[in-house]
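Colleague: Before we begin, could you take me through this model step by step, giving the meaning of each term as it comes up?

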Amino acid sequence: INAEYMGKMQGLRDLHEATARAAEELLAREREIETRRRQLAEEEAALAQKFPIAGPIVELNVGGTHFSTRLATLRQVPGSMLDAMFSGRHELARDAKGRVFIDRPSAPFRWILSVL
């Protein structure tokens, strides 16, 4: 067997190993995506339980002023305080009527909500 043939065989083995590594990496990424997909589904289910009557509409009591808005509006800015508050990972204070209570002045909140 000549050197050229041996070189081609080694090249094929290297290509096979690289392909196998790439396939393993893709499978690992696929598992990560599936895990994240399950986490998001669980988070969505938790939100549906926390806001069962209102569905995607959230009733708020901010400094004594009542607001109604969509959950998607409150979570519109990823990483914001409102996004974190309404992610389903935190227990939210509620007033006597079940509205989410935010102990802050309503005037600035009204402006923030209108910008969202």
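Modeller: The expected span of a helix is 1.5 Å times one less than its number of residues, and helices (H or I, at least four residues) and strands (E, at least two) are DSSP runs numbered from the N terminus. This is a predicted model, in which local features need pLDDT of at least 70 and side-chain atom pairs count only at pLDDT 80 or more, while totals for chains, interfaces and linings use all residues. Residues are numbered from 1 along each chain as its sequence is written, and side-chain values use heavy atoms, with hydrogens and water left out.

Colleague: How far apart are the end C-alpha atoms of helix H1?

Modeller: Helix H1 runs over residues 3-50, which makes 48 residues.

Colleague: At the start of H1, which residue's backbone nitrogen does a side-chain oxygen of Asn 2 reach?

Modeller: A polar contact is a pair of N or O atoms within 3.5 Å, one able to donate a hydrogen and the other to accept it, and residues adjacent in sequence count only if both atoms are side-chain atoms. At the start of H1, the side-chain oxygen of Asn 2 comes to within 3.3 Å of a backbone nitrogen, that of Glu 4.

Colleague: Is Met 6 buried or partly exposed?

Modeller: Met 6 is found in helix H1, and the C-alpha atoms of Met 6 and Ala 48, 42 residues apart along the chain, are separated by 63 Å. Buried means under 20% relative accessible area and exposed over 50%, with partly exposed in between (1.4 Å probe, protein chains only). Met 6 has a relative accessibility of 43%, so Met 6 counts as partly exposed.

Colleague: How far apart in space are Tyr 5 and Glu 34, C-alpha to C-alpha?

Modeller: Tyr 5 is another residue found in helix H1, and with a relative accessible area of 42% Tyr 5 is partly exposed. Tyr 5 and Glu 34 are 29 residues apart in sequence, and in space their C-alpha atoms are separated by 43 Å.

Colleague: What kind of aromatic pair do Phe 67 and Phe 109 form?

Modeller: The structure holds one aromatic pair; rings of Phe, Tyr and Trp (its six-membered ring) pair if their centres lie within 6.5 Å, and planes under 30 degrees apart count as stacked, over 60 as edge-to-face and the rest as tilted. The ring centres of Phe 67 and Phe 109 are 5.2 Å apart and their planes stand at 65°, so the pair is edge-to-face.

Colleague: Which parts does this pair tie together?

Modeller: Phe 67 is buried, and Phe 109 is buried too. Because Phe 67 lies in strand E2 (residues 65-70) and Phe 109 in helix H4, the pair ties together parts 42 residues apart in sequence, namely E2 and H4.
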